[in-house]
Amino acid sequence: QVRLVESGGGLVQPGGSLRLSCAASGSIFRIGTMDWYRQAPGKQREKVATITSGGGTNYADSVKGRFTISRDNDKNTVYLQMNSLKPEDTAVYYCYARSLGSWGQGTQVTVSS
């Protein structure tokens with residue numbers, strides 16, 4: 001079973017940046033499409049970004065132009081570069097492997113002054 005482990009969350013001021021990582025215990029090339037989701041307190045989990053095995057990407061309108069998803073198949077890692085962070089980006093961020101239906105444990109991102 002492939003495990004997904006997120007890291008890179010933390011507290012950042014509005015306008016700041018963070019880079020999240022999602023490390024898989026197996027080959028992400030074989031896993032295929034990967035997603036980043038987030039869940040804020042009291043809200044439903046929402047999809048933030050998607051990357052296919054071929055590198056195609058898609059973003060939620062709320063993060064388009066600020067967030068960038070990427071993948072390093074050699075390192076079995078998917079990244080989410082988050083720039084120009086806003087307080088409304090505060091949430092627990094999860095990576096998701098579609099073909100496996102597997103979630104990571106999440107990493108907390110807090111944007112506050």
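Helices (H or I, at least four residues) and strands (E, at least two) are DSSP runs, numbered from the N terminus. With that naming, Ser84 lies in the loop between E8 and strand E9 (91-97). This is a predicted model, in which local features need pLDDT of at least 70 and side-chain atom pairs count only at pLDDT 80 or more, while totals for chains, interfaces and linings use all residues. Residues are numbered from 1 along each chain as its sequence is written, and side-chain values use heavy atoms, with hydrogens and water left out.

**Overall fold**
- The protein has 1 helix and 11 strands, and along the sequence they follow the pattern β-β-β-α-β-β-β-β-β-β-β-β.
- The protein is as compact as a globular protein of its length, because its radius of gyration of 13 Å is close to the 13 Å that the globule rule gives for 113 residues. Here the radius of gyration is taken over C-alpha atoms, and the globule rule is 2.2 Å times the number of residues to the power 0.38.
- Along the principal axes, the C-alpha atoms fill a box of roughly 40 × 25 × 25 Å.

**Burial, contacts and charge**
- Of the 113 residues, 44% are buried; buried means under 20% relative accessible area, exposed over 50%, and partly exposed in between (1.4 Å probe, protein chains only).
- Among contacts with a separation of 6 or more, 53% are between residues 24 or more positions apart. Contact means heavy atoms within 4.5 Å.
- The mean positions of the 13 positive and 8 negative charges are 2 Å apart. Lys and Arg count as positive and Asp and Glu as negative, with His and the chain ends not counted; each charge is placed at NZ of Lys, CZ of Arg, CG of Asp or CD of Glu.

- Strand E7 (residues 67-72) has Phe67, Ile69 and Arg71 on its covered face, and Thr68, Ser70 and Asp72 on the uncovered one.
- E7 and strand E8 (residues 77-82) run antiparallel and are joined by 6 bridges; two strands pair if DSSP finds at least two bridges between them.
- Ser70 stands opposite Tyr79 in E8.
- The hairpin has 4 residues between its strands, and Asn76 takes a positive phi near 55° there.

- Most residues other than glycine have a negative phi, and most peptide bonds are trans.
- Asn76 is not a glycine, yet its phi is positive at about 55°. At 19% relative accessibility, Asn76 counts as buried.
- Ser84 also has a positive phi, about 50°, without being a glycine. Ser84 is partly exposed, with a relative accessible area of 41%.

- Ser27 sits in the loop between strand E3 (18-24) and helix H1 (28-31), and its relative accessible area of 28% makes it partly exposed.
- Ser27 and Asp74 are 47 residues apart along the chain, with their C-alpha atoms separated by 8.2 Å.
- Ala40 belongs to the loop between strand E4 (34-39) and strand E5 (46-51), and counts as buried at 18% relative accessibility.
- Leaving aside its neighbours within four places in sequence, Ala40 is in contact with Thr90 and Ala91. The C-alpha atoms of Ala40 and Thr90, 50 residues apart along the chain, are separated by 6.4 Å.
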